[in-house]
Amino acid sequence: MFGLGAKNIGIDLGTANTLVYMEGKGIVLREPSVVAKNTHTGKVIAVGSEAREMIGRTPESIVAIRPMKDGVIADYDTTASMLKYFIEKTVGNSKPSAMICVPSGVTEVEKRAVIDAARVAGAREAFVIEEPFAAAIGAGLPVMDPTGSMVVDIGGGTTDVATISLGGIVSSTSIRQAGDKFNTAIVNYVHSNFNLLIGERTAEDIKIQIGSASVEKAEDIEAVNIRGRDLVTGLPKSVDVKAVDVAHAIQDVVQDIIVAIKETLEQTSPEIAADVIDHGIVLTGGGALLKNLPEIISEATKVPVFIAQDPLDCVAVGTGESLKNIEVMRKNRR
Ligand SMILES: Nc1ncnc2c1ncn2[C@@H]1O[C@H](COP(=O)(O)OP(=O)(O)O)[C@@H](O)[C@H]1O
Ligand SMILES: [Mg+2]
C-alpha cells in the first residue's frame with residue numbers, strides 16, 4: 001500500500017524559490033532554490049535562505065549555486081541534494097509521494113529528470129503537473145469548467161502564459177524573460193550609467209523597492225540610494241538611482257512579456273478569447289508584484305488584469321491540491 005504513515009507533498013521547484021505543500025497542512029516550506037557547496041570537496045554547506053545569503057560573498061572555497069535555470073534542472077546532482085534537504089526538513093525520513101510542477105513545454109527527458117531527482121531525494125514516487133495549470137488552480141480559476149481562463153506566471157527564470165479550459169491547457173507560451181532578466185537589466189543600467197558594479201542581490205532589492213513596469217507611473221516613486229564598487233577607482237561608492245531610469249532599463253523585458261501574452265491570445269479560439277476578455281488575465285509568481293504591471297498589460301491587451309492572491313504561493317497550492325488526483329495518475333501510469 002502506498003503512502004502509509006507518510007504525508008504526500010506537492011513541490012513547486014522554481015528557478016528562484018522552492019515551496020513544499022503538505023497534504024492537510026498547506027505550505028510548510030518556502031526557501032530560495034540555492035545551494036552552497038565546498039568547491040574542493042563538493043560537500044553541501046548550506047541550502048535555501050542560508051545559502052542565498054552567501055551569493056556574491058563566498059570565499060574561493062565556497063560556491064553558491066542556483067541549480068535550476070530557465071525553469072528546468074541545470075545541475076542535476078545539486079538539485080537532488082537540495083530536494084533531499086527540503087524533503088527531510090518537511091517530512092523527515094518518511095518517504096512521501098510527491099507531485100512536482102514542471103514548466104509547460106518541457107521535454108520528456110526534462111520531466112524524467114525531475115521525477116528521478118525527487119526519487120533520489122527520498123520520494124517513494126513522483127508525478128509531474130504542468131506549472132501554468134498548477135498556478136491556475138492555486139489562483140482559484142475555474143480550470144475544470146467549459147470556460148477559458150488565462151494565467152501568466154512570472155517567476156525568476158521564465159514567464160509562462162497559458163489559456164486553460166475543461167481541465168487542460170489549450171494554448172501556452174514560455175519565454176525566458178522574467179525576474180532574473182529584470183535584475184540583469186538593472187545591473188547593466190547601473191554599470192553603464194554610474195560606472196558602478198552591483199551584485200544580483202542589490203539589483204533585486206532595487207527592483208522590489210522601486211521597479212515599475214510603467215515609465216510614466218515611475219515618476220511618483222522615490223529614488224533609492226545604492227552601494228556598489230566603482231569600476232574606475234575600485235572603491236565602494238553610493239549613488240541615487242531614480243525609478244524612472246530603472247523603469248526604462250527594464251522596459252525590454254516588460255515588452256517581451258506583453259508580446260508573449262498577445263501571441264498566446266492570438267493562438268486561442270474566439271470563444272476562449274471572449275472568455276478571457278470577460279474574466280480577465282490573472283498574474284501569478286513573484287514577478288506579478290512588479291509595480292504597475294497589471295495596468296501596463298491591461299493597456300496593451302485591452303483585457304482586465306488581476307494579481308492573484310498570494311502570487312508567490314499559487315503554484316505550490318495548485319500542486320498540493322492536485323495530490324487529490326494522485327490515485328488517477330497512478331492508474332494512468334500503469
Ligand atoms: N515585490 C516584487 N516586485 C518585483 N519582483 C518580485 C517581487 N517579489 C519577488 N519578485 C521576483 O519574483 C521572482 C521569484 O518569483 P517565483 O514565483 O518564486 O519564481 P520561481 O517560480 O521561478 O521560483 C524573483 O525574480 C523575484 O525577484
Ligand atoms: Mg514558479
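**A walk from the surface to lysine 237**

The chain exposes about 15400 Å² of surface, with carbon and sulfur atoms supplying 51% of it. Keep in mind as you look around that this is a predicted model. Of the chain's 334 residues, 51% count as buried. As for charge, there are 33 positive and 43 negative side chains, and the centres of those two sets sit 8 Å apart.

Now for the overall build. The secondary structure comes to twelve helices and 18 strands. The chain's radius of gyration is 21 Å, close to the 20 Å that the globule rule gives for 334 residues, so the chain is as compact as a globular protein of that length. Along its principal axes, the C-alpha trace spans about 65 × 55 × 30 Å. If you take the contacts with a separation of 6 or more, 63% of them come from residues 24 or more positions apart.

Let's zoom in on one residue. Lysine 237 is part of strand β16, which covers residues 236-241. Is this lysine buried, partly exposed or exposed? Its relative accessibility is 26%, so lysine 237 counts as partly exposed.

What does lysine 237 touch, once residues up to four places away in sequence are set aside? Its contacts are Phe194, Leu196, Ile226, Arg227, Gly228 and Asp230. With aspartate 230 there is a polar contact, side chain to side chain, at 3.1 Å.

Key
Residues numbered from 1 in each chain as written. Chains lettered and ligands numbered in written order. Predicted model: local features only at pLDDT ≥ 70, side-chain atom pairs only at ≥ 80, totals over all residues. Heavy atoms only, no water. Helix = DSSP H or I, 4+ residues; strand = E, 2+ residues; numbered from the N terminus. Rg over C-alpha atoms; globule rule 2.2 N^0.38 Å. Buried < 20%, exposed > 50% of the residue type's maximum accessible area, 1.4 Å probe, protein only. Contact = heavy atoms within 4.5 Å. Areas by Shrake-Rupley, 256 points an atom, 1.4 Å probe, with all protein chains shown as cover. Lys, Arg positive; Asp, Glu negative; His and termini not counted. Charge placed at Lys NZ, Arg CZ, Asp CG, Glu CD. Polar contact = N/O pair within 3.5 Å; in protein donor to acceptor, adjacent residues only side chain to side chain.
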